[in-house]
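Let's walk through how to read a helix and a sheet, one question at a time.

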Amino acid sequence: MHFEFEIEAGDFSKLGFASSQLKTILKQLLGDHKVIRRVVVALYESEVNVVAHAYSGKVIIDINTEKIEIEIDDKGPGIEDIQLAMEEGYSTASEKVREMGFGAGMGLANIKNNSDEFYISSEVGVGTNLKIIAYLK
Amino acid sequence: MKIKDVVSIINGRVICGEDMTHLEVQKGFASDLMSDVLTLNSDDVLLITGLANLQAIRTAEMSDISCIVFARNKKVRKEMIDLAKEINIILIECSDSVFKTAGKLYKAGIEPIF
């Protein structure tokens, strides 16, 4: 199964729409499965990053009997030092993002923790691409 | 503990989800930082927060949290109620501070996650 969602950057009122849709789809497909919370949290954290930092973003989801693959591709400022950005506590989030309850510098690490495989690439001035894979086992 | 007992212990006001207050919660977590809530991996958790916005509801949805207590007299807005109704989350308002609310519930037997 293949799904695509657009993420509107800067719009906190729509934040979580893609994750919510994914949760509904996975509940219908898998019932109560512990993988659901992991991938839904990983996608939600990714949505937070796009809304908080990027100009626009796209989510591409592929689900088969073996695994769930999620790609989050954004157009934005990119990440200069990925290793530093992965460190818990490091954040470049604005005051507005912090007021929303995020921006503590834990997002990328939490996405990785909730994935079986996690890939990140970024180009400064172009954007960031995340790939999250979770196996159904 | 049943959520209706939580309501009575903290003298809370159920804003939506009254029909689900027979559900049980075992553990509690208090935070205004949704990033921290998103790192939890427990079931039947009650969230106590002072962050009254849509993201608190969305975060609860992603973390499988079925009940949020908004402490220190924070008011739930209509858009939050609409979303919570759609995804079956119980919203409770409470006048006490986060500390006092958590203290009352801890004393009554709600366990910490860690």
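Q: At the start of H3(B), what does a side-chain oxygen of B:Asn53 reach?

A: Keep in mind that this is a predicted model. At that end of the helix, the B:Asn53 side-chain oxygen comes to within 3.0 Å of the backbone nitrogen of B:Gln55.

Q: And what follows H3(B)?

A: Look at B:Asp64, which comes after the helix and has a positive phi, near 60°.

Q: How many residues of helix H3 of chain B are buried?

A: In general, residues three or four places apart on an α-helix point the same way, because there are 3.6 residues a turn. Here, nine of the nine residues (54-62) are buried, so the helix is largely enclosed by the rest of the structure. Among them are B:Gln55, B:Arg58 and B:Glu61, along with B:Leu54 and B:Ile57.

Q: Which elements do those buried residues pack against?

A: Both chains supply them: helices H1 (17-30) and H2 (34-53) from chain A, plus H2 (34-37), E4 (67-70), H4 (78-86) and E5 (90-93) from chain B.

Q: What is the strand order in the open sheet of chain A?

A: Read across, the five strands run E1-E2-E3-E5-E4, paired antiparallel. E1 (2-8) and E4 (117-123) sit at the edges with a single partner strand each, so one side of each has no neighbour in the sheet. On average, neighbouring strands are turned by 10° against each other, direction ignored.

Q: Where does H1(A) pack on that sheet?

A: H1(A) touches E1, E2 (56-63) and E3 of chain A, with its direction about 10° from that of E2(A). H2(A) also packs on the sheet, touching E1, E2, E3 and E5 of chain A, and its direction makes about 5° with that of E3(A).

How values were computed. Residues numbered from 1 in each chain as written. Chains lettered and ligands numbered in written order. Predicted model: local features only at pLDDT ≥ 70, side-chain atom pairs only at ≥ 80, totals over all residues. Heavy atoms only, no water. Buried < 20%, exposed > 50% of the residue type's maximum accessible area, 1.4 Å probe, protein only. Helix = DSSP H or I, 4+ residues; strand = E, 2+ residues; numbered from the N terminus. Contact = heavy atoms within 4.5 Å. Polar contact = N/O pair within 3.5 Å; in protein donor to acceptor, adjacent residues only side chain to side chain. Pairing = 2+ DSSP bridges. Axes fitted to C-alpha atoms, helices over the stretch in contact; angles between N-to-C directions.
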